[in-house]
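Take a look at the chain below.

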Amino acid sequence: MPHLRLPHFATLLLLLVLSSASAAPLKPRRPRLGKVLGADISFLPQLEARGVKFLDKGVEKDAIQILKDHGFNYIRLRIFNNPAADSGYSPGKGFCDLAHTLAMAKRVKEANLKLLLDFHYSDTWADPQKQFKPLAWKTLSGAALERGVHDYTREVLQALAAQGTAPDMVQVGNEINHGMIWPDGDVQKADSLARFDTLAGLAKAGASAVRETTPSALVMMHIALGGQNGLSELWLDRMVARKVDFDVIGESYYPKWHGTIPDLKNNLTALARKYPQDIVVVEYSERKREVNDIAFKLPHGKGRGSFIWEPLNTWESIFDKQGKANELLLIYDEISRKYRVR
């Protein structure tokens, strides 16, 4: 510091301020998300149960290892509350329940990949068209429902941590731009502003459980508005105003519902300029190169990458129905090299 000629009182005041500043501990900054080249492969146990084997260049391997060999560094897994219920995602079998998630998390971590856990907070699929309340929470509302979300999230994360497979990132809800756990958190109703208070309370409950049990994990809020900037900002502004705590903005992008590639670029660019959170395209399938070019090149380094949705067997899958890798898988070698994903 250069020498300053100050009146005695001003000098003492300056020294006092500098002393206090140096003594005060710096508030630790939550680590930013690294580069992500991810895949949601939650269907994998079901495919393997049907006898599907996965091959790359004619060699049979674990599908997770094949993805890693081609540049993927993150796996996303969805979890349902009670999918084995009669009205659940997987009646009698329970795919995507806690037990299956624990087994898959072990495989992911053994492959030295990172894990994103996607809570649907439902016994079956949750998306903008449906967010069914789990049967176990049917009679809960208000603070009791928030407690249910908190405690369930905590129990799942504690179980994962206990086996050494804590997630690196957690989604508190799946595609929740229309809310979650309907009818309580349905923000499409006439009284949607009041219901945003409910939605925010539920999101806070889930996020607080993540902070308590897995403090190193990042929290994502996931909306399905890839090319719709006005709606994205309206939703995010309302959640920020209600002090919902999250680190990452996740967007789904499917051209059928979410517009053109320029729409996606315009939306994510605007979000990167407005909000402090990192941004990920957490679901997509088509336009693989274009989506990733946008997802990795947003202003201020906010674009952290993508997760392709169920590439093992749906839509533009990177394997054929017999499990043989196809030419689409090679795109990810290109993307990984281009953006230096590690």
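Where is Lys-302 found? Lys-302 sits in the loop between α10 and β12. This is a predicted model, and every value here was computed from it.

**Lys-302**

Is Lys-302 buried or exposed? Its relative accessible area is 11%. Buried means under 20%, so Lys-302 counts as buried. What does it touch, leaving aside neighbours within four places in sequence? Lys-302 is in contact with Arg-32, Ala-272, Tyr-275, Pro-276, Gln-277, Asp-278 and Ile-279. Ala-270 lies 32 residues away from Lys-302 along the chain. The C-alpha atoms of Lys-302 and Ala-270 are separated by 11 Å.

**The barrel**

Now step back to the strands. How many strands close into a barrel? The barrel has 8 strands, in the order β1-β4-β5-β6-β9-β10-β11-β12. Their pairing is parallel. On average, neighbouring strands of this sheet are turned by 25° against each other, direction ignored. Strands of a sheet pair through backbone hydrogen bonds, either parallel or antiparallel.

| Strand pair | Bridges | Sense |
|---|---|---|
| β1 (residues 36-40) and β12 (residues 303-309) | 5 bridges | parallel |
| β4 (residues 74-79) and β5 (residues 114-119) | 6 bridges | parallel |
| β10 (residues 248-252) and β11 (residues 278-283) | 5 bridges | parallel |
| β11 (residues 278-283) and β12 (residues 303-309) | 3 bridges | parallel |

Tyr-74 stands opposite Lys-114 in β5. Val-248 stands opposite Asp-278 in β11. Asp-278 is also one of the contacts of Lys-302. Asp-40 stands opposite Trp-309 in β12.

Strand β11 has partners in β12 as well. Ile-279 has Gly-303 as its bridge partner there. How does the chain get from β11 to β12? The path goes through helix α10 (residues 288-295), and this β-α-β crossover is right-handed. Another bridge partner in β12 is Ser-306, which pairs with Val-281.

How well covered are these two strands? In β11, 6 of its 6 residues are buried, so the strand is mostly covered. In β12, 7 of the 7 residues are buried, so β12 is largely enclosed by the rest of the structure.

Which strands does helix α5 (residues 142-162) touch? Helix α5 packs on the sheet and touches β4, β5 and β6 (169-172). Its direction makes about 155° with that of β5.

Helix α5 also meets another helix. The axes of α4 (residues 98-110) and α5 come within 10 Å and cross at roughly 35°. This crossing is right-handed. From α4, the residues involved are Leu-98, Thr-101, Leu-102 and Ala-105. They meet Val-156, Ala-159 and Leu-160 in α5.

Next comes helix α11 (residues 330-338). Which of its residues are buried? They are Ile-331, Tyr-332, Asp-333, Ile-335 and Ser-336. These buried residues pack against β1, α3 (63-69), α10 and β12. After α11 comes Arg-340, whose phi is positive, near 50°.

**Ser-42**

The last stop is another loop. Ser-42 lies between β1 and α2 (44-49). Is Ser-42 buried or exposed? Ser-42 has a relative accessible area of 5%. The cut-off for buried is under 20%, so Ser-42 is buried. Which side chain does Ser-42 join in a polar contact? Its partner is the side chain of Asp-40, at 2.8 Å. Asp-40 is the residue that stands opposite Trp-309 in β12. Leaving aside neighbours within four places in sequence, Ser-42 is in contact with Arg-76, Leu-77, Arg-78, Cys-96 and Glu-310.

Conventions: Residues are numbered from 1 along each chain as its sequence is written. This is a predicted model: local features need pLDDT of at least 70, side-chain atom pairs count only at pLDDT 80 or more; totals for chains, interfaces and linings use all residues. Side-chain values use heavy atoms; hydrogens and water are left out. Two strands pair if DSSP finds at least two bridges between them. Helices (H or I, at least four residues) and strands (E, at least two) are DSSP runs, numbered from the N terminus. Axes are lines fitted to C-alpha atoms, for helices over the stretch in contact, and angles run from 0 to 180 degrees between N-to-C directions. Contact means heavy atoms within 4.5 Å. Buried means under 20% relative accessible area, exposed over 50%, partly exposed in between (1.4 Å probe, protein chains only). A crossover is right-handed if, with the strands pointing away from the viewer, the path from the first strand over the helix to the second runs clockwise. A crossing is left-handed if the near helix is turned anticlockwise from the far one by less than a right angle, and right-handed if clockwise. A polar contact is a pair of N or O atoms within 3.5 Å; within protein, one must be able to donate a hydrogen and the other to accept it, and residues adjacent in sequence count only if both atoms are side-chain atoms.
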